[in-house]
Amino acid sequence: MSKTTIGADGKCRCAWCDSAPEFNAYHDTEWGFPVTDDRRLFEKICLEGFQSGLSWRTILTKRENFRAAFEGFDFHKLAAFDDKDVERLLQDAGIIRHRGKIEAAINNAKRACEMIEREGSLAAYFWRFEPDADEVAIPQTMSTSPTSIALSKDLKKRGWKFVGPTTVFAFMQAMGLINDHADGCFLRPVIDDIRRSFVRPV
């Protein structure tokens, strides 16, 4: 994402939003807000995997199709998908028809079920990787971080796929583990306030 400018209406008008107006609602109501809901966390890490090599605009416009195809990203249901489901999904023009990414989402659903048993929740696990304030770079200047590298490495060790450091960093930005709204963005202080009162999962 590029540095933010502010429009006459006081809203963020960064290049990210201006290049695709449909991003405005996503930026203003979702991106960077802290999330503890396991299904939403799982959905996002999967969608970031599907984005690999593509634009978020492509994924966002297909998000409802993904939700329909992947059982609303209920990882308990998705974990039961088999080879027939993979072949069916490869025929679904509403999603990204990439075998490796589809198989990764199913694999990751199984790994998510395992993580629930070991960690109690996905949220408890992911929020352990929230970086300290002095470890966070200037907003929107990095595509990876020491923490995203560590999280990526740990996920891969646990058998997750399509969770490279850049993918994981984008996940951390979107799910509010860091506040990466640019200086001058109207949401940056809003997110800061939310984060101050936010109860981290344990």
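1. Let's begin inside the protein: Ile45, Cys46, Gly49, Phe50, Lys101, Ala104, Ala105, Asn108, Lys161 and Phe162 line the largest cavity. Two elements, α3 and α8 (99–119), each give two or more residues to this lining. A cavity here is a set of points on a 1 Å grid over the protein atoms alone where a 1.4 Å probe fits but cannot get out, and lining residues have an atom within 4 Å of a point. Helices are DSSP runs (H or I, at least four residues), numbered from the N terminus.

2. A word on what you are looking at: this is a predicted model, in which local features need pLDDT of at least 70 and side-chain atom pairs count only at pLDDT 80 or more, while totals for chains, interfaces and linings use all residues. Residues are numbered from 1 along each chain as its sequence is written, and side-chain values use heavy atoms, with hydrogens and water left out.

3. The largest cavity holds about 50 Å³ of space. Its lining has six nonpolar, two polar and two charged residues. For these classes, Ala, Val, Leu, Ile, Met, Phe, Trp, Tyr, Cys and Pro count as nonpolar, Asp, Glu, Lys and Arg as charged, and the others, Gly among them, as polar.

4. How many cavities of 30 Å³ or more are there? The count comes to two.

5. From α3, Leu41, Lys44, Ile45, Glu48 and Gly49 meet Thr167, Ala170, Phe171 and Ala174 of α11, where contact means heavy atoms within 4.5 Å. Five of the residues in this contact are nonpolar, two polar and two charged.

6. Helix α11 (residues 165–174) has another partner in α10 (residues 146–157): their axes come within 8 Å and cross at roughly 115°. The two helices are therefore roughly perpendicular to each other. On the α10 side the contact uses Thr147, Ser148, Ile149, Leu151, Ser152 and Leu155, and on the α11 side Pro165, Val168, Phe169 and Met172. Seven of these residues are nonpolar, three are polar and none is charged.

How values were computed: Axes fitted to C-alpha atoms, helices over the stretch in contact; angles between N-to-C directions. Parallel < 35°, antiparallel > 145°, perpendicular 65-115°, else oblique. 1 Å grid on protein atoms, 1.4 Å probe; cavity = no way out; pocket = protein on both sides within 12 Å on 5 of 7 lines; lining within 4 Å. Points joined across faces, edges and corners; volume = space filled by probe spheres on them.
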